Amino acid sequence: MNEVSKIFKLEEAEKVEDPGTRTMYWLMNAGLGAEKMRVVVYDFEPNLRFDKVHYHDERESIYVILEGAAIVHLNGEE
């Protein structure tokens, strides 16, 4: 079993930028040694709106909103 343990500043995480929408900071993924789990911090641009519903059938997700607001759809309900 692989043991993954790392503490670092968010600025040191692998960063992927999508100009005009968001920046993603990868805290945990297969490339960092976690085969069955991913942790990513999304930093969205202010007042960003996605009209398309996005979902994953094969995994569960946890969302923690640190600032602002979000509308989440779960099993067809808002």
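View 1. F44 is partly exposed, with a relative accessible area of 40%; partly exposed covers the range between buried (under 20% relative accessible area) and exposed (over 50%), with a 1.4 Å probe and protein chains only. The model is predicted: local features need pLDDT of at least 70, side-chain atom pairs count only at pLDDT 80 or more, and totals for chains, interfaces and linings use all residues. Residues are numbered from 1 along each chain as its sequence is written, and side-chain values use heavy atoms, with hydrogens and water left out. F44 belongs to strand β3, residues 39–44. Strands (E, at least two residues) and helices (H or I, at least four) are DSSP runs, numbered from the N terminus. Together with Y42, L48 and F50, F44 makes a nonpolar surface patch of about 370 Å². Patch residues have over 30% relative accessible area and no salt bridge; nonpolar side chains (Val, Leu, Ile, Met, Phe, Trp, Tyr) are joined within 5 Å, and like charges within 9 Å. Accessible areas come from the Shrake-Rupley method with a 1.4 Å probe, and for residues only the protein chains shown count as cover.

**View 2. T21 and its contacts.** T21 sits in the loop between β1 (14–18) and β2 (22–28). With a relative accessibility of 18%, T21 counts as buried. Leaving aside residues up to four places away in sequence, T21 touches D43, F44, E45 and L48; a contact means heavy atoms within 4.5 Å. From C-alpha to C-alpha, T21 and F44 are 5.8 Å apart in space, while 23 residues separate them in sequence.

**View 3. N47 in the segment after β3.** N47 is found in the segment that follows β3. This residue is exposed, at 80% relative accessible area. Its phi is near 60°, a positive value in a residue other than glycine.

**View 4. The three-stranded sheet.** The protein has 0 helices and 3 strands, and along the sequence the pattern reads β-β-β. The strands form an open sheet in the order β1-β2-β3, with antiparallel pairing. Its edge strands, β1 and β3, each pair on one side only. On average, neighbouring strands of this sheet are turned by 20° against each other, direction ignored; the axes are lines fitted to C-alpha atoms, for helices over the stretch in contact, and angles run from 0 to 180 degrees between N-to-C directions. Strands β2 and β3 run antiparallel and are joined by 6 bridges. Two strands pair if DSSP finds at least two bridges between them. V40 in β3 is the bridge partner of W26.

**View 5. The salt bridge of K15 and E17.** A search of the whole structure finds 1 salt bridge, defined as a side-chain nitrogen of Lys or Arg within 4 Å of a carboxyl oxygen of Asp or Glu. The side chains of K15 and E17 meet in a salt bridge at 4.0 Å, N to O. K15 is partly exposed, with 47% relative accessible area, and E17 counts as exposed at 55%.

**View 6. The protein as a whole, for orientation.** Of the 78 residues in the protein, 10% are buried. The protein exposes about 7,800 Å², and carbon and sulfur atoms supply 50% of that area. Among contacts with a separation of 6 or more, 16% involve residues 24 or more positions apart.
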